[in-house]
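Please consult the sequence and the structure shown below while reading.

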Amino acid sequence: MADNLRALFSSNDPSAFDVAEAFTDRNSQWAVVAAALEEHLRRVAGGAFDVEDLEAPRTNVIVFHGVGGVGKSTLLRKIEAALTSAEHRPEQWGAPTWTERVLPIRIDLSRAASTGSDFERVILTIRLALAGALDRTVPSFDVALRHYWEHVHPGEPLDEYVRRSGLAGRFANLLPGQLQAGVGEVAAALALPGLVGSAAGQLTTALVSALRERQERARALAGAARTAALLEATPDLEALSYYPHLLAWDLNQLPVKKRLTPVVLLDTFEDTADRHRDFERLLQRLVWLMPNVFFVIGGRSRLQWADSALHGQLDWTGPAAWPGLATAPSSLTVPQPRAAGTGARQFLIGDLSLEDCETHLARRLVHDDRPLIDADIRAAITARSHGLPLHLDLAVSRFLEIRRTGRTPTAADFDCTFPALLARTLSDLTPEERHLLRSVAVLDAFDLDLATRTAGLAQQAPARRLAERPLVTEDPYALWPYHLHRAIRSAVRDDDHSDDRWTPADWDQAADRALAALGEQWTKAAALAPSRMLLVACLRQGLRLARDHRLTGLGWLIEAAFVYTDDSVWEPLTPPTTGTGAPDTAADAVAELLTAIARRQREHRRRTADRLTAVLDTGLLPTELTEMALYYRAKAHKDLSQNDTARTGMQQVADGEGRLAVKARRALANLARLAGDFPTALAAVPTLGWKGRHHRVLGDIRWSHADTAAAIHAFEAGRAEAEQHGAAGERAMMQVRLALAVSFADPDRAADELALAHQLLEGLDQRSNTLLAQVVALIKDAGTGEVTARAESLRTDIETAGLPFLHRFVELALAFHHAVRGADQDLVATIGRLRTLTATGDFAYFTDIVHFMAGLPLPEPSTIRWAMSDHDVRSAWHDLVLARQEHLLAGN
């Protein structure tokens, strides 16, 4: 309502638009409350319920906690309204299933704390609400309250105090009369009418005596087992905190037709915090001593009553006392309605969905039944809010402020954060926690050690405390379980208003510490057991930190870059660098280098070559990574069938004798094979070893000679070697090539090998090998099915991927298919296309192989240098065609 009034008074023409409360559904939260309240009503009505049982576990409380501005107070106000009357309940919430009478009583604890009256205010608020709802006395409690009041506030009438303290409402005038009536009832029960106007102490003494003497009428009126003891105690704040037990007893004695169940909503519970939990202890006592009252608590922090560590600070602690509050803090989502009866009583209020944000903004300001805020502005606000309702409301205020100046707001006006949001966040943090908050804002995710080292602290305790606050979200299954709420993180990073805001140097120092901490985590872990997931995660955060903060000490990032590329998995690392200009720092260049290498699986190889050329032209790469850029640019040129350029690049890397020299020599051997110089390629195999992927090179040579047995042996050895080194990417590549070799000779086994290849490729993002596996499927099915139509579709995918070298493999598969079927005319067309594709000389041996398959003479002398006699190669390929024909005849 306060937001509505602010909007109303923001314009000289309030009739120009309608201001509405735009409460979003929060259906799940209402379902939780409704189910828990229904369960509570059923339990209290049961015959086994005893309001004086002070040992039974308590389930009469439900807690919603979440970051400031997420909508807790709005939710509690809406629950209060929904429980008050059906007309205020959102239609989508649905009608409750209970028929019992309930009395919602919402108490803003921030106001209670600010007045200094604290617990007194809470008790009086509850009693005032009951005064109007019951229109009758609650004698046990009223006598005790009057006794307390005359002792603690001598000479101050209760009604005057109620008016002065701001508690006065439409039922305020009823309370003094009901207290007096309660005194009269007790005096009448004691047959002492002369005590009605006397001091409360005299009446209390007489009542205690009557209870001690077990007078039947006194026990019937104020006969809770502990009434006498409570009235004998000194009437101070400590005694007042136990009086709710009497009120609970009184409520339980009401006639059936008068009975009701109070639902007390305690809002802004975080404002009860103090060093010794004094106020919280009194409120917990209130909840415990009134088991027939249902409590809904809203606050920023998780309620810790179920934590045994608080024993001694609060009266009742531990999961046995509060089983519903013992839910682990990692349970961070409100359950769906069907899960509301599971016993959990503590839930994090999450952010609004994109749809809810849109609904909120569309309904907030309306003109002629249309949203006043345009769709593009609503989208911009929603994107920056990350679902935080406070951000939405602040954006609406900004919209009205801009409009008041006479200018039409635009989407660009809302690409910002709001100081008020940050002020709300920082208000209840200690200086140490504020420092930690800013430190972890440089990180995408963190654990306690990473947060502590980034902040430059010696102990983890402050990080643990910060992690327990709702502005930090926990995913217990993530590598680093914690991350800041994104809207708050943006506000922290953009802060230029706070008194203790950081300077750019402060941010760079934190980024430097974070980068070092990430490197140490990865280095230590890699020394024990290499983890691909940790490597990629550290690279993602490290590259962004180095790039965004222009850090110069790249250190471990260089080694991590080599480890990342060694396995050919290619998980995405970073988004493209911001801006359109070339990288201007070493960190920029490294980020762009690894991004280009990783994205080549999803971009045309021409784009990859251009990006790597641009990085090399900057001259900013460290020497070791310059070699990497040259190597992968040469690979891109090879994939583009620019093999002369590829040879030049690979030779440059090989001559440099750096870390990639062995791989470059392997590439040169492959380039010799592509040019048809098999003896040169075969001679290089013994010099390559594991790092040069010697088994892969040998297998490619052998299957090209139709020596499938030797090729299969080489690829199986390469797969085993990759498994031994934990190289998932290489293992998948070996499996695809193994399936390729098998597909010509044994289509039945090829189906199994191909299935395993697809399984190993899952999640590796190896575009060229995934497409090659589709070629293998064509070869496996040669002579049957719709091979030609499938090949046409595959050509489109290859063109899109920018991998033209694979077109030769498709034509080779089609040639095998046509040779098996004896489709001479189709075979001639395939040979023609293959000649065009191999006109540069690379893959020209594919044309010879096609002639060998079909038993056709070569039209002219071949330039191919085979590693065995031409006659043996011809016979081997033709035999594979004959074997397939026999296989198909046997199958028919």
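## Overall organisation

Residues 24 or more positions apart account for 70% of those contacts in the chain that have a separation of 6 or more; a contact means heavy atoms within 4.5 Å. The model is a predicted one, in which local features need pLDDT of at least 70 and side-chain atom pairs count only at pLDDT 80 or more, while totals for chains, interfaces and linings use all residues. Residues are numbered from 1 along each chain as its sequence is written, and side-chain values use heavy atoms, with hydrogens and water left out.

The secondary structure comprises 41 helices and 10 strands. Helices (H or I, at least four residues) and strands (E, at least two) are DSSP runs, numbered from the N terminus. Of the 892 residues in the chain, 54% are buried. Here buried means under 20% relative accessible area, exposed means over 50%, and partly exposed lies in between (1.4 Å probe, protein chains only). The chain exposes about 37800 Å², of which carbon and sulfur atoms supply 51%; these accessible areas come from the Shrake-Rupley method with a 1.4 Å probe, and for residues only the protein chains shown count as cover.

## Nonpolar cores

In soluble globular proteins, nonpolar side chains tend to be buried together. A nonpolar core is defined here as a set of buried Ala, Val, Leu, Ile, Met, Phe, Trp, Tyr and Cys residues joined through side-chain atoms within 4.5 Å. The largest such core has 180 residues, and Met628, Trp703, Phe744, Phe809 and Trp877 have the most contacts inside it. Helix H38 (residues 806-821) gives the most to this core, with 10 residues.

Leaving aside residues up to four places away in sequence, Trp703 touches Ala711, Phe715, Leu740, Ala741, Phe744, Phe809, Leu812, Phe846 and Trp877. Another core, of 62 residues, lies apart from the largest one; among its members are Val63, Tyr161, Trp249 and Leu260.

## Salt bridges

Side chains of opposite charge can pair when their charged atoms come close. The structure holds 55 salt bridges, each a side-chain nitrogen of Lys or Arg within 4 Å of a carboxyl oxygen of Asp or Glu. One of them joins Arg302 and Asp307, with an N to O distance of 3.3 Å. Arg302 is buried at 17% relative accessibility, whereas Asp307 is partly exposed at 24%.

Which residue forms a salt bridge with Arg465? The partner is Glu432, at 3.2 Å from N to O. Glu432 lies in helix H19 (residues 431-440) and Arg465 in helix H21 (residues 461-467), so this pair ties together parts that are 33 residues apart in sequence. Glu432 is partly exposed, with a relative accessible area of 37%, and Arg465 is partly exposed at 31%. Glu433 pairs with Arg469, their closest N and O atoms being 3.2 Å apart. Because Glu433 lies in helix H19 and Arg469 in the loop between H21 and strand E9 (472-474), the pair links parts 36 residues apart in sequence. Glu433 is buried at 2% relative accessible area, and Arg469 is buried at 18%. Elsewhere, salt bridges that share partners join Asp444, Arg489, Arg544, Arg547 and Asp548 into one network.

## Cysteines

A disulfide is taken as a pair of cysteine sulfur atoms within 2.5 Å. By this rule the model contains zero disulfides. Cys416 is buried, with a relative accessible area of 19%, and Cys538 is buried at 0% relative accessibility.
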